[in-house]
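This report describes selected elements of one structure. It treats a sheet, a helix and a pair of packed helices in turn.

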Amino acid sequence: MGKKGKGKGGGAGGNAASGSQGGAQQTSAQSGNAQRQGQNPGQAQNQGQGQAQNPGQAQGRNPGQGQGQNPGQARVQNPGQAQSQNPALGQSQNPGQAQGQNPRQAQGQNPTAWGPGQNPGQNPGQGRGRGQNPGQGQGRGRGQNPSQGQGRGRGAPNPGFQPPIQHQGPAQVLPPGQAQGYASGPRQPPWGQPSPNPTQQGHPPGFASGSRAPQPSSWGQPSPNPTQQGQPPGSAPGPRPLQPSSWGQPSPPPAQGVPPQVVHGDTVQKSSAQSESSKGPQQAPSSSGDARVTPAGGQVSRAQPGKSFALPQRANCPPDPKVGRPIQLEVNHLLLQIRDPTVKIYHYDVAIDPDKPKRFMRLVMEEMQKKFYPRNFPGFDGKKNLYSKGPLPFNTEISEEVNVRDDERQDNKPKTFKVTIKLARNNISLQELFAYQKSGRSTSTPQDVIQALDVILRSAGSQRFVQVGRSFFCPPVSPMDLGNGMELWYGYFQSFIMGNKPYLNIDVAHKGFPTSQSLLKLLKAFDSRSATPEEAMKYNQHELERFIKGLKVEYQVPNIETSKRTYRVNGLRRNAFEERFQMGDDGKTITIGEYFAKHKGYQLRFPNLPCVHVGHREKDVLVPFELCVLLPGQATQKKLDEGQTAKMVKVAATNVQDRKNKIKEAMQRANVNASPQVKELGLSVATEFAKINGRILPAPKLAYYQNRTVQPMKGVWRGGQFRETRALKKWICLQICNIPREALSSFAENLRSEAGKVNMFMEKPDPPIIMDGRGNPQKILKDLRERLGELSKQGYQLVLVVISGYNKQIYGQVKQVAELQVGVLTQCVKDLTVTRRNNQATVHNIMLKINAKFNGINQVIDDSSKVKCFNNKVLVFGADVTHPSPDAKDIPSVAAVTASHDVKGFKYNMRIRLQAPRQEMIEDLEAIVYEQVGIYSKETGGLPQHVVFYRDGVSEGQFQQVLGIELTAIFKACARHSFKPKVTFLVVQKRHHTRFFPMNPRDSDDRNGNVPAGTIVDMEITHPNEIDFYLVSHASIQGVARPTKYHVLWDDANMSENDIQLMTYNLCHLFTRCDRAVSYPAPTYYAHLAASRGRVYLEGKSVRCEEKKDWVKESKIIQTALNFTQTSPMYFV
């Protein structure tokens, strides 16, 4: 090992600081000087006005709110000044007066003003808080529920959020989209094989020539060192050894037909006339003068945007008998039993100094527990939050030092940490879960309770397994190789969730981990065809460097045990002959290779390989490539390639019974009930799956040519002649791969034959053009521009491009040239499709795509199955945002919006925009919707009366944000067209781990034992009051079907639950690519495809993400270049 620049003689020794691990640090609430309410907040007296009916609203959870459940009956003059009955827990006579002159001001002089650096918190009336409860202590973190309070500090911006209830003083409202706070030598063996150390052959250290080395048969093996002699790689001191695998009724609904009422202080008034829609949608309750109207029928009052929104309630939906055959199901949710709901959970803020490396945090807290509170078993989240049943045996704060041994150091010297534990909150009550079950909203979940339970329930797994997000993994006995240095690990997913009852969701999990092996072996895994490692490195250095960057390696000089070190990789540098460093004070320098030969007695076998830059990034600590071994159990967020993904899916896709068995094994492995943290809190997790009731929706009839109908069965159907087609008179094949001419001719003829069967005229193609797809990418791009440019000028309607499946860049190159530069419609087909899959099913699916690209209509929902809302003009939107992979730092996110432009809802067009990386809200949605409404009006001859918007990729924590920004944008765009449509806004959620299993095997329709297509669940595991449901709309091809979850965020069209569900299911039958129902509605699927196409347009380009103007400019280039799609709007399918 060498250190460039000024250095001293012990080159292989020394320690470099480990690189910090990723992950945001989650700060939590601390008490500080925050003043709290009494132990019995429900008994707080409100200046002679009587006791509030809701303990969380008078002087309790939110003392600044001051109203009970019935605001008209419990008006409070000074709700923020109710005295605590336990002065010992507060430091003033007015515990509600957390900070400032106004007792209602939990933050400064204006409780609703957003100062710089403020973020919404959870408990606005309880002081200034940090982290999870910004309303309690000096705040630096981001509250889990941004709609309910304030805490100031370094939280992430939450545009459009405001506290739902505030008192006195004008509110300062942020507009949507804004937020504040944010050689020479002896003959060597074949590469990859160990070579004998010179000291083993009787040669002195530093020998450069001499006896001939042995000649092993293959490469990829490291030099001999102790980790390969009798023990597996990475078994040396390192991370803790891993063991192999082996919780009510809803509020009474208002009478049907009664117009919505406006709650205004303590009076109830009839709602006024409807305001202009340009002001945005209606908001949730606020005592600052806003009208509260639940969007369920009648006239809707739309207040100013930027505040919290009341979501539609199931009790307010029109009565409509639900359709479908009943089915009994099991679900992988385990009921969580709470023995004593009156238990108080204490929340402590933890500060550990130093706070790196992160692998020590849990070990440090284990030592603290053993030393200072051995009879208590609090749950720790591994970062900043500690939760315990009742108080820990010290005052509100403790600060002590503990020692933890560093297993990655050769001397095993203990490392000293200073730990400060400070009380942040002492009144987290499990009863909040029961209150939420009765009248809660998804935008005001008791997030502090949920987080506390989640941390406590994870305690067992986090101490015994490798934790990655919400999943836990352990090394398999026989790992499966995924290729390119990755292996498959098995584990389980665990998450606490709230439905009608509290549940623990457990599922199996699979993840690729870097294989523990020498870097030489890793290089061979990347390229086994090269004769030498130098040759392999020449072609794979960039990808290899990306792979190992950030991972830990163990470095050791053979036979020098004291040289063993663990480092984090920063990257690759020049080879051992070119890298030099200074030895001593005489100014002389020496190469890395010379240093190891003269001072370590080790002759480098592959000195021409790059050296590995390890340790602190600002220090030049370089070690030879051949002496590094990857450590096991390192989680990485790098995206798997196609081959790796295919192998993982093949293993993960099991039948229902196997999935159930694996989940039960995961339950036993997790062994949650044995955790002392769980026992201490009096929790118990059921050992059997929850049993629930579902329904199987009837599939819609589909109408084809001349209104001939087809009835789907088991999620599939045999399509007939297309409903509408266009003639394809001039087309040609462009071959960019090596396939027989006869195979291409046969494939083209089969396409023409299938076209005739589906009512589409297709002329014979012109003679194919053959182009060389090998060589420099720039040359390929140039040839593509020339070829496709000529074909476009010659008026070709379609170019069928045959590409190689091995060339990963060619598809993107074709689409960039054809759609952004030339303007010609293309259909890409892989070479194996032409040569090996040239059958009727394949060519039929290609014809489905070609007809849609030619603005045709394959099929529509028959009038007999049409949902009532489609008797009027309905414009259906789908929206999605795709983000770059976690390791990509200079690539923008791509937002895509698709919209129907025919009355039947089959034809769609799309608009894409580039925006800041990781930005989920669609920034330019108003302009997009305005444009799409114009297109719909032009194509159908009138404006839509109803807008249905399916939004993909939004989590529960973003509901208020998406309503404040995107729903408001929809209303503004429509106002610019001078009309006010009804709007139904749904969120589509696919990233969850809920799975259904039919209790009666005869209810299954496939060989894997899945639930039938159309299975829907809208009870028991769904929200107790709001409109949400799970729907399995498709027939699973492999593995266990994953239901899609839908949550209605807005509906002023007053649709029934039945109509919403049937409309969603019908739209799953209009996807143009196949004669099958798909797993989520076609508009959302198209939005995903459009976003993916936007990502294709960025391949090979460098878009600077530091400034908005860069990606805005690129967005304009892309959108302008797509003018040719006016005649082929569905070109992207």
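## An open sheet

In what order do the 3 strands of the open sheet lie? The order is S28-S27-S33, with antiparallel pairing. Strands here are DSSP runs (E, at least two residues) and helices likewise (H or I, at least four), numbered from the N terminus; two strands pair if DSSP finds at least two bridges between them. Strand S28 (709-710) and strand S33 (860-861) form the edges, each pairing on one side only.

Strand S27 (residues 702-703) is joined to S33 in the antiparallel sense over 2 bridges. Leu 702 faces Ile 861 of S33.

## Basis of the description

The model is predicted: local features need pLDDT of at least 70 and side-chain atom pairs pLDDT 80 or more, while totals for chains, interfaces and linings use all residues. Residues are numbered from 1 along each chain as its sequence is written, and side-chain values use heavy atoms, leaving out hydrogens and water.

## An enclosed helix

Helix H18 (residues 1057-1067) is largely enclosed by the rest of the structure, because 11 of its 11 residues are buried (under 20% relative accessible area, 1.4 Å probe, protein chains only). Among them are Glu 1057, Asp 1059, Ile 1060 and Tyr 1065.

## Two packed helices

Helix H16 (residues 925-940) packs against helix H17 (residues 959-976) at about 45 degrees, with the axes 8 Å apart.

Residues of H16, including Leu 925 and Tyr 930, meet residues of H17, including Ala 969 and Arg 976 (heavy atoms within 4.5 Å).

Key. Buried means under 20% relative accessible area, exposed over 50%, partly exposed in between (1.4 Å probe, protein chains only). Axes are lines fitted to C-alpha atoms, for helices over the stretch in contact, and angles run from 0 to 180 degrees between N-to-C directions.
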